[in-house]
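Look over the model below.

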Amino acid sequence: MEEKSIIVKGEGTFFNVSGKLDGQGAEELVSMMNPADIYTFDFSDVTDINFAAMRTLLRCRQGGQQFAIINANDNVVERMEDTGVATFVSICRKPKPLDMSMYKEFGGSFLSKSFNSNDGDSMMKLYGPYVPERMVAQEKVIARAVMQFGIPTPLVGTIYRDGENMALDFERIEGKVSFSRMIANNPERLEEVTIRFAKMCKDLHTKPCDTAIFPNRKTTYRQAIVNCPYLNDEEKDKALAFIDAVPNVTTCLHGDCQLSNVITNGKEDLWIDLADFSYGSPMFDMGMWYFLSKLNSEERAFKVFNFGTEMLAKVWDVFVREYFGADTPEKAAEIEAEVQKFAAIHMIYLVTTFFPEGNMVEYIKEKLTK
């Protein structure tokens, strides 16, 4: 009996697909998709894919629908690579087992720890067990696309699994140091490094983004607002109204725009941690950066930047002057008042997606919903 494809709809924009994916099954999958959303297809149980299915997925992708395939077996990946469909449709193989004895820890952040390989060639990013697999796959897909788009960033490699934790392999940049570590180690360089960071942000925020590849940040934030369990319907409506009033632009956004996400080896400066790369108003990036600069706890500031909130406030002041051209206290205060609203939007995303903190909810309501 011919093996048939079976589609199982999962939560939100996540689908599990099993069996042999044929044209009919692919058409069924495509029919479930909303053009405004970004989808993840889990191919863990897909044994094969035929030409009709690949053609259907290719047409869907070329029509502007955004999706990525994760957990594909070697046969499916090779089929899509042989046809060239993998050039247009992002696909990730099943995670490989990981031997962490081959790596040595050297740092980390809230979501992950970083390890250097013993041979010095790669850097392994080991995610916490609370980070979903599709987010790791998304980071790989986006990091690869950003590199192909011409934005300076380390090369991305293979997805691994270490028990409950997912991991992602990156090119190791020899002699690299983050901008935040440069300031922590040499406080007298605060202004110089911050000016470099502001220039990188301005360059990124003037670069037109490929909207067929990268998500719209407005869509991401709208979904977070709709799904936020800490806001009532009236408060959600006010937050959505704010989002709707933001101009629709298609310039590049980092999504996690902050000092620790730029590294340098003295020859070139590179962006890292690109899982949230997207397009939209640069003020979305500024809201995230303000949240980390001015609304951080002392403990989290040291964990992310290796220095405290007092120095972060100084960094923010230099940044506002260089990025916005705010050369007076009055101009800086005006900009800060506007950026605070975007910080509140980013905090909705954080409390909905990662961690509920009461003080964040209070700030959100103060800035957006009262």
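In which loop does Asn306 lie? Asn306 sits in the loop between helix H10 (298-305) and H11. Helices here are DSSP runs of H or I with at least four residues, strands are DSSP runs of E with at least two, and both are numbered from the N terminus. Asn306 is not a glycine, yet has a positive phi of about 70 degrees. The residue is partly exposed, at 30% relative accessibility. The cut-offs are these: buried is under 20% relative accessible area, exposed is over 50%, and partly exposed is in between, with a 1.4 Å probe and protein chains only.

A word on the basis of these values. This is a predicted model, in which local features need pLDDT of at least 70 and side-chain atom pairs count only at pLDDT 80 or more, while totals for chains, interfaces and linings use all residues. Residues are numbered from 1 along each chain as its sequence is written, and side-chain values use heavy atoms, with hydrogens and water left out.

Move on to helix H11 itself. Two packed helices are described by the angle between their axes and the distance between the axes. Helix H11 (residues 309-324) packs against helix H12 (residues 329-353) at an angle of about 95 degrees, and their axes are 11 Å apart. Each axis is a line fitted to C-alpha atoms, for helices over the stretch in contact, and angles run from 0 to 180 degrees between N-to-C directions. H11 and H12 are therefore roughly perpendicular to each other. That class covers 65 to 115 degrees; under 35 counts as roughly parallel, over 145 as roughly antiparallel, and the rest as oblique.

Which residues make the contact? H11 contributes Trp316, Val320 and Phe324, and H12 contributes Ala332, Ile335, Glu336 and Val339. Contact means heavy atoms within 4.5 Å. By class, this contact has 6 nonpolar, no polar and 1 charged residues. Nonpolar covers Ala, Val, Leu, Ile, Met, Phe, Trp, Tyr, Cys and Pro; charged covers Asp, Glu, Lys and Arg; the others, Gly among them, are polar.

Val315 also lies in helix H11. It is buried, at 0% relative accessibility. Leaving aside neighbours within four places in sequence, Val315 is in contact with Ile183, Leu190, Thr194, Leu259, Trp289 and Phe307. Val315 and Pro329 are 14 residues apart in sequence and 15 Å apart in space, C-alpha to C-alpha.

Now take helix H8, which holds Phe242. Phe242 is buried, with a relative accessible area of 17%. Not counting residues up to four places away in sequence, Phe242 touches Glu338, Lys341, Phe342, Ile345 and Leu368.

The loop between helix H7 (217-227) and helix H8 (233-245) holds Tyr230. Tyr230 is partly exposed, with a relative accessible area of 32%. Between Tyr230 and Glu362 there are 132 residues of separation in sequence and 9.8 Å in space, C-alpha to C-alpha.

How many cavities of 30 Å³ or more does a search of the whole structure find? The search finds 1. The largest cavity has a volume of about 30 Å³. It is lined by Ile70, Asn71, Cys92, Arg93, Pro95, Glu133, Ala137 and Ile159. Strand S4 (66-72), strand S5 (90-93) and helix H4 (133-148) are the elements that give two or more residues to this lining. By class, the lining has 5 nonpolar, 1 polar and 2 charged residues. A cavity is a set of points on a 1 Å grid over the protein atoms alone where a 1.4 Å probe fits but cannot get out, and lining residues have an atom within 4 Å of a point. Grid points are joined across faces, edges and corners, and a volume is the space filled by probe spheres set on the points.

Asn71, one of the lining residues, is placed in strand S4. Its phi is near 60 degrees, a positive value in a residue other than glycine. Asn71 is buried, with a relative accessible area of 4%.

Finish at Ile151, in the loop between H4 and strand S10 (156-162). Ile151 is buried, with a relative accessible area of 6%. Its contacts, leaving aside neighbours within four places in sequence, are Val146, Leu204, Lys207, Cys252, Trp271 and Phe277.

Technical notes:
On a 1 Å grid over the protein atoms alone, a cavity is a set of points where a 1.4 Å probe fits but cannot get out, and a pocket is an open set with protein on both sides within 12 Å along at least five of seven lines; lining residues have an atom within 4 Å of a point.
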